[in-house]
Number of protein chains: 2
Amino acid sequence: MKAYQHMTKEELLTLKKELEAQFEDVKSRKLSLDMSRGKPGADQLALSMGMLDVLNSSSDMKDDAGVDARNYGLVDGLPEAKKLLADMVGTEPENAIVFGNASLSIMFDTISRSMTHGVMGGTPWCKLDEVKFLCPAPGYDRHFSICEYFGIEMIPVEMSEDGPDMDVVEKLVQEDAAIKGIWCVPKYSNPQGYTYSAETVERFARLKPKANDFRIFWDNAYAVHHLYEEKERQDTLPDILSLCKEAGNPDLVYEFVSTSKVTFPGSGLSMMAASEGNRKDILNHMRIQTIGHDKINQLRHIRFLKNMDVLREHMNKQGALTLVKFKVVWDALEEELDGLEIGKWTYPRGGYFISFDSLEGCAKAIVAKAKEAGLTVTPAGATYPYGKDPKDSNIRIAPTYPSVDELALAGRLFILCVKLISIDKILENK
Amino acid sequence: MKAYQHMTKEELLTLKKELEAQFEDVKSRKLSLDMSRGKPGADQLALSMGMLDVLNSSSDMKDDAGVDARNYGLVDGLPEAKKLLADMVGTEPENAIVFGNASLSIMFDTISRSMTHGVMGGTPWCKLDEVKFLCPAPGYDRHFSICEYFGIEMIPVEMSEDGPDMDVVEKLVQEDAAIKGIWCVPKYSNPQGYTYSAETVERFARLKPKANDFRIFWDNAYAVHHLYEEKERQDTLPDILSLCKEAGNPDLVYEFVSTSKVTFPGSGLSMMAASEGNRKDILNHMRIQTIGHDKINQLRHIRFLKNMDVLREHMNKQGALTLVKFKVVWDALEEELDGLEIGKWTYPRGGYFISFDSLEGCAKAIVAKAKEAGLTVTPAGATYPYGKDPKDSNIRIAPTYPSVDELALAGRLFILCVKLISIDKILENK
């Protein structure tokens with residue numbers, strides 16, 4: 001196919017007319033499609049229905065140590081739940097605190113606690129003139145929303161296939177004591193699906209931040225979310241907690257994980273893993289905030305997922321269903337856009353997203369155009385701090401929630417919008 | 001029986017010797033008994049085991065409106081969960097936000113949010129020189145811990161059978177803009193089991209606090225926790241939200257409730273009910289903190305508890321089991337202490353506690369003595385702000401967790417300690 005840039009004005013105008021007719025046709029069908037959020041599809045949810053059978057009215061409700069999961073107690077979670085969640089990210093159970101139904105709340109609460117009480121005895125951030133976070137971008141919009149909510153200044157750091165630009169990260173954290181944290185989704189990153197290289201992770205562990213209370217927020221959300229069953233097609237990530245310890249920086253990192261996309265979103269377990277010092281700091285706070293989290297749901301997860309072998313098998317099934325949907329999108333993008341030079345997209349081996357980069361200055365218009373025809377895509381810019389994508393080109397595609405048929409339709413419609421908006425952009429300069 | 005005060009020194013010394021022998025005998029049995037926390041007994045937990053059967057792998061996981069409870073969404077809860085929890089406290093579902101597994105976390109988060117972001121656009125409390133709370137005392141230790149954690153100054157207000165001393169409450173909140181809240185357990189209060197009178201509730205609704213951002217923290221924890229099945233033996237409480245609205249103070253109150261002691265502690269549902277203005281303020285915060293709470297557990301509760309008729313029947317069974325245990329304690333207290341004039345105790349008609357007042361200056365010593373023989377009671381002073389009971393006389397007795405046999409033993413041991421310490425106290429002045 002011929003690149004749009006190389007087409008004449010007349011060719012483009014003719015093409016535009018054709019595409020507009022197609023668009024009007026689709027629009028008239030009054031579709032309602034959604035590729036905006038990383039929500040598992042109904043087919044994925046069905047895989048976890050067995051978890052609702054592992055506990056019933058005749059079940060033994062005690063854990064291996066004899067603790068009755070139905071009553072108050074054990075603020076940091078059942079030991080077997082700690083073990084299972086620690087295994088998911090390859091850390092030790094003694095580093096773990098099991099929380100409630102989602103890791104986002106742990107991250108929010110961690111920032112909130114730092115604002116009101118500081119980090120391990122440090123000055124509460126709300127007493128400081130400025131607090132800044134590094135934000136590898138594109139990244140996860142909900143991380144950025146937490147910063148914005150607490151008035152934390154966000155500094156974008158460019159992402160590459162190996163992770164954030166570590167030269168920039170190292171320089172900034174060494175220079176500026178107001179920089180208190182960095183948001184990382186180190187494996188199958190949101191939205192690009194990149195996994196940090198071993199070198200990147202090692203450089204993180206060896207960071208020498210000027211602020212004692214600087215922390216890496218290591219959101220290992222997609223730790224076990226591979227698309228492919230074959231080990232050699234799965235990304236791997238070194239264990240940052242042990243690397244930090246070896247580097248003499250044991251307190252540098254908070255790691256987060258959850259089963260939101262392993263079992264049920266909203267009804268999963270979440271975990272934070274951290275050094276002994278951090279854990280103590282956090283538990284002092286937790287003991288005031290809560291008497292404990294839902295241990296029956298911990299028991300349910302333990303008895304359903306059992307161990308990493310069973311969990312991996314479960315995740316292979318999830319991956320197979322997800323892969324089908326990623327392929328629908330990739331196939332459409334390849335068939336329709338290859339050679340046109342109006343967009344690039346990623347080929348992650350896991351996670352929940354495909355990251356699409358349009359021509360500069362087109363993303364917002366593409367998303368608006370899609371909306372016009374009934375397709376919701378994550379708002380353009382959402383993947384950047386303050387919702388401001390400097391190039392206005394990044395769009396996050398979340399293929400898991402729609403059915404395969406809906407997705408095929410959604411993919412084609414999205415591509416149609418990309419083509420139309422790209423033609424307009426190119427015509428501006430012809 | 002003869003009052004200890006009227007006994008001669010010699011009589012007291014003889015009695016002490018006898019009691020000390022009994023104490024040494026009990027001590028030698030190396031007991032481990034616990035009357036310290038309001039934890040349901042195993043017999044009560046068994047009543048809710050049916051809740052684990054209402055959902056299984058073949059269940060329809062959609063609510064009445066067709067929302068799939070397994071996926072993300074509906075940050076304020078399933079409508080039927082709102083209805084059920086609103087009914088528990090007699091308010092309207094539109095006032096409700098359903099939260100996670102415990103109302104303590106909602107209260108903590110509410111204070112935390114007020115610290116960092118203020119109340120409905122007001123100055124964040126962390127920017128103020130002083131923030132104070134009124135604390136009807138004796139009261140719930142975990143309320144006081146939240147204040148202490150956030151550096152909020154606590155002002156005790158005396159409790160009577162009708163609730164807090166409203167003359168004092170009205171005067172203080174009108175005068176001092178630094179007073180931002182008051183902790184209330186208005187029904188079957190912790191620890192005395194008092195229910196606020198209709199007049200007290202009405203005076204609360206008509207409060208004219210100097211601070212716009214003053215809120216009543218109405219922790220209606222024991223709304224449905226009656227000991228007796230007969231309506232005429234159950235306390236009633238007017239609906240404060242509608243009274244506040246009628247009084248032109250719609251935003252004055254946050255009401256909290258949970259099913260922690262209806263179904264399973266730690267695996268229940270919690271709710272906050274508040275005016276539209278408050279709800280909007282809270283939801284703005286919640287949308288950053290979480291994607292949503294556990295809706296599968298909401299569905300489980302809806303299908304198990306169904307409606308107020310079923311819930312009341314369930315609570316009648318809970319009440320019957322609780323009453324047996326309260327009676328064991330009351331019987332022992334009456335048999336052993338009536339006429340001795342060394343202690344008073346309450347006869348609540350619901351809730352989880354019996355409040356015991358020893359002679360002044362004896363509570364700490366009684367609790368320590370009990371501990372010596374293997375009985376854990378809530379630390380003396382815990383029911384007062386900063387753990388300081390000015391009279392050192394209040395002790396909270398929590399009868400629900402031990403078995404009936406353990407409780408009989410625990411009650412006698414407690415009474416033995418009361419007698420011994422009271423004799424020492426009286427001897428000081430003989």
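The legends below describe close-up views of a predicted model.

Local features are described where pLDDT is at least 70 and side-chain atom pairs count only at pLDDT 80 or more, while totals for chains, interfaces and linings use all residues. Residues are numbered from 1 along each chain as its sequence is written, and chains are lettered from A and ligands numbered from 1 in the order in which they are written.

**View 1. The two domains of chain A.**
The domain assignment, whose bounds come from an automatic or database source, gives chain A a domain 1 (4–44 + 312–428) and a domain 2 (61–306). Taken over C-alpha atoms, the centres of these two domains of chain A are separated by 30 Å. Two residues are in contact if their C-beta atoms, placed from the backbone, lie within 7 Å. In chain A, 24 residues of domain 1 are in contact with 28 residues of domain 2. On the domain 1 side, α11 (308–337) and β13 (394–397) of chain A each supply at least two residues. Helices (H or I, at least four residues) and strands (E, at least two) are DSSP runs, numbered from the N terminus. The largest share of that side, 7 residues, comes from α11(A). By class, the domain 1 side has 11 nonpolar, 10 polar and 3 charged residues. Here Ala, Val, Leu, Ile, Met, Phe, Trp, Tyr, Cys and Pro count as nonpolar, Asp, Glu, Lys and Arg as charged, and the others, Gly among them, as polar.

**View 2. Helices α12 and α13 of chain A.**
Helix α12 (residues 363–372) and helix α13 (residues 404–428) of chain A pack at an angle of about 130°, with their axes 9 Å apart. That angle makes α12(A) oblique to α13(A). Angles under 35 degrees count as roughly parallel, over 145 as roughly antiparallel, 65 to 115 as roughly perpendicular and the rest as oblique. The axes are lines fitted to C-alpha atoms, for helices over the stretch in contact, and angles run from 0 to 180 degrees between N-to-C directions. The residues of α12(A) that meet α13(A) are Ala365(A), Ile366(A), Lys369(A) and Ala370(A). Among their partners in α13(A) are Leu413(A), Phe414(A) and Ile421(A). The contact of α12(A) with α13(A) holds 9 nonpolar residues, no polar ones and 1 charged. The two helices, α12(A) and α13(A), form a right-handed crossing. A crossing is left-handed if the near helix is turned anticlockwise from the far one by less than a right angle, and right-handed if clockwise.

**View 3. Helices α1 and α13 of chain B.**
In chain B, helix α1 (residues 9–28) packs against helix α13 (residues 404–428) at an angle of about 145°, with the axes 10 Å apart. The crossing of α1(B) and α13(B) is left-handed. From α1(B) the contact includes Leu12(B), Leu15(B), Leu19(B) and Phe23(B), and from α13(B) it includes Leu416(B), Leu420(B) and Ile423(B). The contact of α1(B) with α13(B) has 11 nonpolar, 1 polar and 4 charged residues.

**View 4. The side of chain B that touches chain A.**
Between the chains, 43 residues of chain B are in contact with 43 residues of chain A. On the chain B side, two or more residues come from each of α4 (103–117), α5 (141–149), α9 (276–289) and α10 (295–305) of chain B. The largest share of this side, 6 residues, is given by α4(B). The side divides into 19 nonpolar, 18 polar and 6 charged residues.

**View 5. Helix α10 of chain A and its covering.**
Helix α10 (residues 295–305) of chain A is mostly covered, with 10 of its 11 residues buried. A residue is buried if 20 or more other C-beta atoms lie within 10 Å of its own, exposed if 12 or fewer, and partly exposed in between, with C-beta atoms placed from the backbone. The buried residues of α10(A) include Ile296(A), Leu299(A), Arg300(A) and Phe304(A). Their cover includes α3 (79–89), β2 (96–99) and α11 of chain A. Just after α10(A), Lys306(A) takes a positive phi of about 60°.

**View 6. Backbone details in loops.**
The peptide bond from Ala137(A) to Pro138(A) is cis, with omega near 5°, and Pro138(A) is found in the loop between β3 (132–137) and α5 (141–149) of chain A. Lys30(A), in the loop between α1 (9–28) and β1 (33–35) of chain A, has a positive phi of about 45° although it is not a glycine. Lys30(A) is exposed, with 8 other C-beta atoms within 10 Å.
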